[in-house]
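Hello,

Here is the structure I said I would pass on. My notes on it follow below.

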Amino acid sequence: RIIADTNALIYFLKGNDHFVRLLRGEIVVISFINKIELLSYNMPEDTVKQVNSFIDNNCDLTQSNDAI
């Protein structure tokens, strides 16, 4: 498991070699804010579907709390 910020996820989804090697095969922990930021990024509708699929299949969505 690895925690990733929005920029790392954007680079991964764009195919950046470094981030692909780092995140491929990992369960990626993201916050609801990361999800909102990713989905607000300007991208075509088919890419939005791919991002949603990535989140659904590869990410654990963590709840915000004071400990975070």
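Arg 1 is exposed, because its relative accessibility is 67%, and the cut-off for exposed is over 50%. Please keep in mind that this is a predicted model.

Arg 1 forms a salt bridge with Asp 60, and their closest N and O atoms are 2.3 Å apart. Arg 1 sits in the segment before E1 and Asp 60 in strand E3 (residues 59-62), so the pair ties together parts that are 59 residues apart in sequence. Asp 60 has a relative accessible area of 31% and is partly exposed. Searching the whole structure gives 1 salt bridge.

Ile 2 is partly exposed, with 22% relative accessibility. Leaving aside residues up to four places away in sequence, Ile 2 touches Leu 22, Leu 23, Glu 26, Ile 27, Val 28 and Val 29. For Val 28, which is 26 residues from Ile 2 along the chain, the C-alpha separation is 5.1 Å.

The other item is a helix pair. Helix H3 (residues 32-40) packs against helix H4 (residues 45-58) at an angle of about 160°, and the axes are 10 Å apart. Angles over 145 degrees count as roughly antiparallel, and H3 and H4 are therefore roughly antiparallel to each other. The crossing of H3 with H4 is right-handed. On the H3 side the contact involves Lys 35, Leu 38 and Leu 39, and on the H4 side Val 48, Val 51, Asn 52 and Ile 55. These residues divide into 5 nonpolar, 1 polar and 1 charged.

Regards

Terms used:
Residues numbered from 1 in each chain as written. Predicted model: local features only at pLDDT ≥ 70, side-chain atom pairs only at ≥ 80, totals over all residues. Heavy atoms only, no water. Buried < 20%, exposed > 50% of the residue type's maximum accessible area, 1.4 Å probe, protein only. Contact = heavy atoms within 4.5 Å. Salt bridge = Lys/Arg side-chain N within 4 Å of Asp/Glu carboxyl O. Helix = DSSP H or I, 4+ residues; strand = E, 2+ residues; numbered from the N terminus. Axes fitted to C-alpha atoms, helices over the stretch in contact; angles between N-to-C directions. Parallel < 35°, antiparallel > 145°, perpendicular 65-115°, else oblique. Left-handed = near helix turned anticlockwise from the far one by under 90°. Nonpolar A, V, L, I, M, F, W, Y, C, P; charged D, E, K, R; others polar.
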